[in-house]
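Subject: Structure handover

Hello,

Here is the structure I said I would pass on. My notes follow below it.

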Amino acid sequence: MKLNIKYFGLLAEVTGCNQEVIAFSEASVSELLTVLFKKYPNLEDKDFQVAQNQKIVSKDTILSEHEIALLPPFSGG
Amino acid sequence: MKSHYYLLFQGAKRRRDLRGFKQTGQDKLELMSRYSRHILLSGVGQEGQDKLSQASVLVVGAGGLGCPVLQYLAAAGIGTLGIIDFDLVEISNLQRQILFGTSSLGINKALAAKTRLEDLNPEIEIKAYPEQLTPDNAIDLFKAYDIIVDGTDNFATRYLINDAAVLSNKPVVYGAIYKFEGQVSVFNYKNGPSYRCLFPNPPKEGSVANCSEVGVLGVLPGIIGSMQANETLKMILDFDHVLSGKLFCFDAKTSQTTTIDISRSETQFNKVKANKFKEQHYAFSCETAVSEISTTALSEKEPVQFIDVREHHEQPKVSLTNCIQIPLGELKQELDQINTNINTIIFCKSGLRSKTAVALLKEHNIDHCYSLKGGVSALIEYLKINAYER
């Protein structure tokens with residue numbers, strides 16, 4: 001399946017793109033993250049949450065949908 | 001002619017009347033004109049306006065987010081507005097912190113905001129707290145208000161606000177920005193999730209850039225702060241669809257918005273309730289990062305005092321009337337020599353001892369201290385170029 005991954009805030013700077021499409025066989029969030037950390041080593045020490053189809057999901061959720069978002073916390077005000 | 005005391009009494013009475021006491025015909029007419037666009041609006045009306053005038057809101061941080069929040073809440077006639085901020089207005093704030101002008105430079109933000117807002121709406125009560133939010137004052141302060149608005153610029157205070165709000169059972173209107181992007185949500189509202197349900201723990205140190213070093217598009221906090229004001233009004237007016245359980249994300253560059261669902265985690269609530277709040281250590285990330293300043297930014301900090309923390313024998317000497325020499329080893333005993341009302345610039349030979357000095361002063365609750373990058377040689381170069389005379 002194809003996942004459309006959106007990167008927010010600082011994460012877009014780490015990956016160099018706001019979003020990308022990744023071909024991925026059905027697996028969990030943490031397995032997707034392993035793939036992404038290999039592709040972007042600087043992503044690994046960043047804090048963020050993962051959303052699937054606009055809903056925050058845990059690391060062991062099995063990905064079945066297409067819309068993934070990586071959301072870091074913002075501190076600025 | 002009516003006496004001064006009579007007029008004072010009338011002013012106080014008018015503010016009291018606003019919060020539900022009997023009003024005179026003239027008072028009523030004046031208020032109906034001020035809020036006529038609310039009163040005309042179906043869904044608000046006089047009933048809604050009365051709710052606003054009976055509400056109390058505490059805004060933590062009168063910065064980029066706090067300014068628009070305060071401006072719209074004051075204009076809307078929120079009965080009691082609290083403002084807590086320990087920081088002083090600097091020239092680099094004026095690009096986005098729209099309550100302040102050049103005449104506010106060097107003045108505490110809570111006090112400067114209060115002055116501006118009293119002119120905007122003298123009918124409401126505005127309380128300024130020119131101090132830092134800490135585990136010691138947070139709970140008592142939160143208990144005195146209906147709604148807390150988070151307009152801070154660092155993770156330490158955001159987690160402190162979350163925990164104090166959970167313990168005092170108050171809703172929090174959250175807003176945060178990063179460069180061109182912003183986030184908005186309402187936490188701890190009608191059994192909805194809290195900030196820790198979204199981000200359980202503060203980021204690892206160093207993983208997020210220091211707040212003061214990141215740029216921001218000036219209008220962005222205006223947009224995000226206005227949305228926070230909107231959520232605050234929605235709660236007071238009992239509207240449906242409050243942004244609880246949802247994280248609203250906005251990108252100013254693409255004008256794209258995304259709304260993400262967040263679920264409540266009882267574990268996160270229970271953790272906060274089980275921890276000894278006053279013993280929690282909230283000073284992490286930006287708070288612990290020692291503030292450094294380069295000579296090019298010095299003019300922004302005026303008025304300043306310099307502290308030379310080198311030993312007495314070290315050369316070259318710097319002769320400035322607004323400079324005192326306190327060797328690092330003696331600093332702890334000489335804290336009363338420091339004027340805490342203005343910014344303090346600390347320098348040494350290379351910029352290392354001055355960092356230790358800043359950390360030491362922060363430990364003793366002396367804020368607005370900066371370690372000068374490049375030490376004494378950078379300072380002398382700066383003084384030469386600017387023909388700095390004191």
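The crossing of helices α5(B) and α10(B) is right-handed in this predicted model. Helix α5 covers residues 66–76 of chain B and helix α10 covers residues 219–236 of chain B; they pack at an angle of about 40 degrees, with 7 Å between their axes. Because of that angle, α5(B) counts as oblique to α10(B).

On the α5(B) side, the contact is made by B:Cys67, B:Pro68, B:Val69, B:Tyr72, B:Leu73 and B:Ala76. The α10(B) side contributes B:Pro221, B:Gly222, B:Gly225, B:Ser226, B:Gln228, B:Ala229, B:Thr232 and B:Leu233. By class, the residues of this contact are nine nonpolar, five polar and no charged.

Next, the domains. Chain B is divided into domain 1 (35–285) and domain 2 (290–386). Their centres, taken over C-alpha atoms, are separated by 33 Å. Seven residues of domain 1 of chain B are in contact with six residues of domain 2 of chain B. On the domain 1 side, the touching residues are three nonpolar, three polar and one charged.

Last, confidence. The model scores ipTM 0.95 and pTM 0.75. For chain B the mean pLDDT is 88, and 88% of the residues reach 70 or more. In residues 1–13 of chain B the pLDDT is below 50, and this stretch has one contact in the model beyond near neighbours in sequence. Residues 284–288 of chain B also have pLDDT below 50, but that stretch has 21 contacts beyond near neighbours in sequence. Where pLDDT is low, predicted coordinates should not be read in detail.

Regards

Key:
Residues are numbered from 1 along each chain as its sequence is written. Chains are lettered from A and ligands numbered from 1 in the order in which they are written. This is a predicted model: local features need pLDDT of at least 70, side-chain atom pairs count only at pLDDT 80 or more; totals for chains, interfaces and linings use all residues. Axes are lines fitted to C-alpha atoms, for helices over the stretch in contact, and angles run from 0 to 180 degrees between N-to-C directions. Helices (H or I, at least four residues) and strands (E, at least two) are DSSP runs, numbered from the N terminus. Angles under 35 degrees count as roughly parallel, over 145 as roughly antiparallel, 65 to 115 as roughly perpendicular and the rest as oblique. A crossing is left-handed if the near helix is turned anticlockwise from the far one by less than a right angle, and right-handed if clockwise. Two residues are in contact if their C-beta atoms, placed from the backbone, lie within 7 Å. Ala, Val, Leu, Ile, Met, Phe, Trp, Tyr, Cys and Pro count as nonpolar, Asp, Glu, Lys and Arg as charged, and the others, Gly among them, as polar. pLDDT is the predictor's confidence in each residue, from 0 to 100. Domain bounds come from an automatic or database domain assignment.
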